Amino acid sequence: MGRYRIGVATGAWLFSGSHNRVQLWLVGARGEARLELRLRPARGQEEEFERDVPKDLGPLQFVKLRKHHSLVDDAWFCDCITVRGPGACEEATFFPCYRWVQGQDVLSLPEGTARLAGDNALDVFQKHREKELKERRRLYCWATWKEGLPRTIAAERQDDLPPNSRFHEEKRLDFEWALKAGALETVLKRVYTLLSSWSRLEDFDQIFWGQKSDLAERVHHCWRDDELFGYQFLNGANPMVLRRSASLPSRLVLPSGTEALGAQLERELQSGSLFEADFSLLDGIPANVIRGEKQYLAAPLVMLQMRPEGKLLPVVIQIQPPSPSCPAPPLFLPSDPPLAWLLAKIWVRNSDFQLHQLQYHLLNTHLVAEVIAVATMRCLPGLHPVFKLLIPHIRYTLEINTRARSQLISEGGIFDKAVSTGGGGHVHLLRRAMAQLTYSSLCPPDDLAARGLLGIPSALYAHDALRLWEIIARYVQGIVRLFYHRDDVVRGDPELQAWCREITEVGLCQAQDRGFPASFQSQSQLCHFLTMCVFTCTAQHGAINQGQLDWYAWVPNAPCTMRMPPPTTKEDVKMATVMGSLPDIRQACLQMTITWHLGRRQPDMVPLGHHKEKYFSSPKAKAVLSQFQTDLENLEREITARNAQVDLPYDYLRPSRIENSVTI
Ligand SMILES: [Fe+2]
């Protein structure tokens with residue numbers, strides 16, 4: 001009995017408000033009260049009301065909402081509802097929503113305290129979570145995009161997605177505007193170069209204008225240097241291929257007359273300073289045919305030497321692996337004629353582009369994040385602490401991936417138009433990459449150790465990735481320990497165990513044999529898995545996505561396609577070979593446009609750990625999030641100080657630049 005004060009917060013997104021009328025009920029343990037509110041929610045506003053309730057409701061459990069409309073169903077984005085009372089009781093009961101309210105159904109919002117599933121089927125919260133999951137499993141269904149690849153959300157186009165997984169209007173407008181602006185820029189560049197020659201490397205300058213970063217300018221000037229070539233394996237757009245050599249690769253056949261090279265490699269190997277980047281995964285992948293012209297792929301191997309001051313320099317490049325039917329492939333050396341050595345490096349950069357985009361970007365971040373997102377929506381109710389932990393890290397992922405499948409890697413999409421793995425080779429390559437998608441490859445402490453990249457001062461990606469892993473692990477542990485006091489609580493949580501199975505067995509197609517867990521046996525196993533989830537959706541995608549803007553704008557540094565087969569001798573490499581191999585104007589313009597579109601900072605980006613939505617209502621959970629933010633600020637300062645000391649700052653894992661989810 002008494003007076004309640006009710007705050008209703010509406011989202012700040014475009015069209016979040018509604019002209020429809022909203023009806024509210026308070027539901028307590030001892031009763032329910034219908035409130036005669038005449039609420040017409042306004043965008044970005046928190047409206048407050050006071051109402052007397054003549055009966056004792058007991059502790060509040062739910063707020064129920066119903067939106068009424070006569071002609072137009074004007075969707076409303078409700079952020080949350082706060083209730084104070086009865087009477088002088090100042091303590092607020094918080095009901096998070098952060099969803100669209102549409103149609104005339106009654107929506108029940110449970111009080112925000114996270115709870116695990118109970119075994120009392122009559123419990124109101126238990127009933128609520130079961131009903132919610134039933135509905136979510138109807139809305140979020142799995143589909144097979146391509147056999148042998150992770151399963152995806154069942155949606156042909158973005159319009160088929162549930163409203164709560166769509167871009168907000170600002171994001172949609174920006175995304176579509178940027179695509180149109182990019183297309184216009186491409187047309188202008190094509191017109192501008194219509195009568196120009198395309199016969200010298202400098203001719204790429206004709207299209208090197210428009211949106212570009214400072215680092216892209218530097219790449220433009222220094223891309224031929226061996227130092228910058230080597231640097232990219234450590235800290236470029238794709239720091240994932242490099243590994244320290246444990247032995248000389250068997251594919252590296254040293255012909256007679258190269259004894260000095262053999263001795264040098266052996267010396268480097270013994271001292272632990274020999275590294276390799278092997279692109280064998282590309283061997284035999286069918287290359288694209290673009291507008292009737294055959295494109296080419298290679299599967300190079302690069303051996304690199306780590307100098308004492310931390311520079312990584314290429315020592316030898318084998319563009320193609322040996323094959324029994326062909327003579328031993330030539331080895332390209334820094335001492336070769338400059339154009340031959342340059343073309344060998346260009347081939348490596350082209351191969352790196354393919355693995356970067358398909359294996360490390362699309363598969364290992366976007367598609368893994370989508371599996372996590374779909375499983376979370378299907379298996380974890382809103383009251384579950386792991387749902388509350390993960391939901392900020394899956395924002396927009398389903399829509400960006402659906403758009404990628406319908407525009408980028410679709411038949412006739414951008415990959416088919418400009419990339420040498422387009423036209424089906426990309427699916428083939430993704431299937432091979434899937435076999436390498438192990439649980440440990442997604443966890444930097446394991447992955448970097450396996451690649452021998454720990455403790456190298458100039459390996460900035462490795463350093464920052466490990467620091468972020470630690471910080472995310474601390475955050476995850478903080479939340480997990482609030483709800484799972486012992487290992488048997490983990491083992492006995494049916495929703496959590498179903499979520500784990502859904503990811504490993506359904507989404508990742510029986511990935512138990514690649515080390516993914518089929519169940520959680522302990523608190524620490526759960527923490528490790530959740531750390532992997534948050535790291536993949538945030539830091540790893542940040543590291544892999546952002547470099548496109550800097551390293552791919554100057555097309556010769558990372559050509560999307562090659563138009564001539566790899567050279568088989570060094571002597572015949574002329575400028576015409578180099579230019580005839582590199583992308584043509586149309587392909588190069590497309591590469592610039594799309595990598596700007598995908599790599600630029602997103603205007604509505606939410607930095608890691610800084611989501612505004614308050615899913616947890618307990619002060620302890622809020623303190624854990626606040627500690628996470630402090631840890632991230634400290635890392636930000638460390639990176640700023642470190643970057644001031646190095647020639648090329650490494651910014652992709654600066655916390656303020658990492659997005660809170662995969663959104664682009
Ligand atoms: Fe991305």
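Start by selecting His428, which counts as partly exposed because its relative accessibility is 35% (buried is under 20% relative accessible area, exposed over 50%, partly exposed in between, with a 1.4 Å probe and protein chains only). Before you click on: this is a predicted model, where local features need pLDDT of at least 70 and side-chain atom pairs count only at pLDDT 80 or more, while totals for chains, interfaces and linings use all residues. Residues are numbered from 1 along each chain as its sequence is written, and side-chain values use heavy atoms, with hydrogens and water left out.

His428 belongs to helix H10, residues 425–435 (helices are DSSP runs of H or I with at least four residues, numbered from the N terminus). Pro286 sits 142 residues from His428 along the chain, yet their C-alpha atoms are separated by 8.3 Å.

Next stop, the iron ion. Select His361 (NE2), His366 (NE2), His541 (NE2), Asn545 (OD1) and Ile664 (O), its protein donors, which lie 2.1 to 2.5 Å from it (donors are N, O and S atoms within 2.8 Å of the metal, or 3.2 Å for Na, K and Ca; water is not among the atoms, so sites may look incomplete). Their spacing in sequence reads H-x4-H-x174-H-x3-N-x118-I. Within that set, His361 in helix H6 and His541 in helix H15 link distant parts of the chain, 180 residues apart. Both of these histidines are buried.

Now for the holes. A search of the whole structure turns up 4 cavities of 30 Å³ or more (a cavity is a set of points on a 1 Å grid over the protein atoms alone where a 1.4 Å probe fits but cannot get out, and lining residues have an atom within 4 Å of a point; a volume is the space filled by probe spheres set on the points).

Centre on Ala404, Leu408, Phe415, Ile594 and Leu598, which lie nearest the centre of the largest cavity, among its 28 lining residues. The volume of that cavity is about 380 Å³. Helices giving at least two residues to its lining include H2 (169–192), H8 (397–408) and H17 (585–599).

Finally, pick Met240, Ser441, Leu442, Tyr461 and Gln540, nearest the centre of the second largest cavity, which is lined by 13 residues. H6, helix H11 (444–450) and H15 each give two or more residues to that lining. The second largest cavity has a volume of about 110 Å³.

Technical notes:
On a 1 Å grid over the protein atoms alone, a cavity is a set of points where a 1.4 Å probe fits but cannot get out, and a pocket is an open set with protein on both sides within 12 Å along at least five of seven lines; lining residues have an atom within 4 Å of a point.
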